[in-house]
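Subject: Structure for you to look at

Hello,

Here is the structure I promised. Please open it alongside this email and follow the residue numbers as you read.

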Amino acid sequence: MSILVTGGAGFIGRAIIASLPESVPVTCIDVLEAQAHAGRTTFPAWLSDRARCIRADIRDTTAYADTLHDVDVVIHLAAQTGTGQSMYERSRYVGHNVDGTACLLDALALHAPHLSRIVLASSRAVYGEGMLRVHDGRLLPAQRTLDRLSSGQWNAIAADGSPGDPVAMQEDFPCNPTSVYGLTKWWQEQLIVDSAARSGVHHTILRIQNAYGPGQELRNPYTGIIGIFCSLLFRDLEIELFEDGEVMRDFVYVDDVADAFVRAAVGDRPPYSIMNIGSRDAVSLRTLVDRLGAAAGRTPRVRVSGRYRVGDIRHAIADTTRCDAWLQGGPRTSLEEGLRRYWAWFSEQEALATETLRESFEEMERSGVLRASEDQ
């Protein structure tokens, strides 16, 4: 067996490659984009020792086509991943995520005769606001309009205007992305499904919740909210919570994410083509900050600002029934344990420059993505 990992030098890619059996040959393709790799232009030494590393954009198929002949499995991670940034850099996200996937699939069809599996890293962002259970028990699509957000009405309402309670999203619920990033991940899924149906290649789509853990790039302010919170807490700076601080997210530890990808790539074929990868413990951002403070032994300074980002989801809650059964018990790392490990690692790093974070907020403000409600 031979495995190709696109985006393999990234946060999740490195964790996956480190977890793959040593006996399996691995090829890693990564463009080493400055934003995601803090300007580094070479692969880590351990990664170069473990895998054949090719610095290339996956759209440049000439750079790696000759490596595909022996490839049996592809783990496709290469993508731009900033939800807020995608709302004002649309062409960049569509180019990398959608066109990149199409180019990869074209190259595989031409040059990978032994391909048997492809595993795609998708995202909880494909669901958008998800579904609400309204008073009579019906499930209806949730929505948040700009008018409601601008007036500080944060909770989603059902499509017919009814209030309701958010439900954990199941894999067969409809997708309704609210950000360009979410759209591109959904398009990636459709390209993979179509290609697999025509070629007979087995496909697995893993919809990852908010992955975190040691090794996350701390200088990239568009990914990794836990890293941002750690940096502010470390400096005893104020932590800003958007909206009312009750936005819900499911944070899943990177080792558990890597385990799912390795099993999908080299284990028995998963019983489902699409699975949510989460922790079963969705929390509000306010609760996240409290738990982070407990892990760090510090008291966070928090400001609930009432600002909001266009395209953000109110509650991202995943039903992990499929994943839990497949992994025979689900993820192993609790949020408390994961935060303790993260803080211990973070404390030994050069913390995220708050100037970089400020610049990212200014970019979103100029583009109209980051806004304040009328009562702020």
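**Around R309**

R309 touches T83, G84, F242, M364, V369 and L370, leaving aside residues up to four places away in sequence; contact means heavy atoms within 4.5 Å. This is a predicted model, where local features need pLDDT of at least 70 and side-chain atom pairs count only at pLDDT 80 or more, while totals for chains, interfaces and linings use all residues. Residues are numbered from 1 along each chain as its sequence is written, and side-chain values use heavy atoms, with hydrogens and water left out.

R309 sits in strand β18 (residues 307-309). Helices (H or I, at least four residues) and strands (E, at least two) are DSSP runs, numbered from the N terminus.

An open sheet has 7 strands, in the order β3-β2-β1-β4-β5-β10-β15, with parallel pairing. Two strands pair if DSSP finds at least two bridges between them. At the edges are β3 (52-55) and β15 (274-277), each pairing on one side only. Strand β10 (residues 202-208) runs parallel to β15, and 4 bridges join them. R207 has N276 in β15 as its bridge partner. Helix α7 (residues 180-199) packs on the sheet and touches β4 (73-76), β5 (117-123), β10 and β15. The direction of α7 makes about 160° with that of β5. Axes are lines fitted to C-alpha atoms, for helices over the stretch in contact, and angles run from 0 to 180 degrees between N-to-C directions.

**Two helix pairs**

Helix α1 (residues 11-19) packs with helix α9 (residues 254-266) at about 60°, their axes 9 Å apart. That makes α1 oblique to α9. Angles under 35 degrees count as roughly parallel, over 145 as roughly antiparallel, 65 to 115 as roughly perpendicular and the rest as oblique. F11, I12, A15, I16 and S19 in α1 meet V254, V257, A258, F261 and V262 in α9.

The axes of helix α10 (residues 285-296) and helix α12 (residues 335-346) come within 9 Å and cross at roughly 55°. α10 and α12 are therefore oblique to each other. In this pair, L288, R291, L292, A295 and A296 of α10 meet L335, E336, L339, R340 and W343 of α12.

Best wishes
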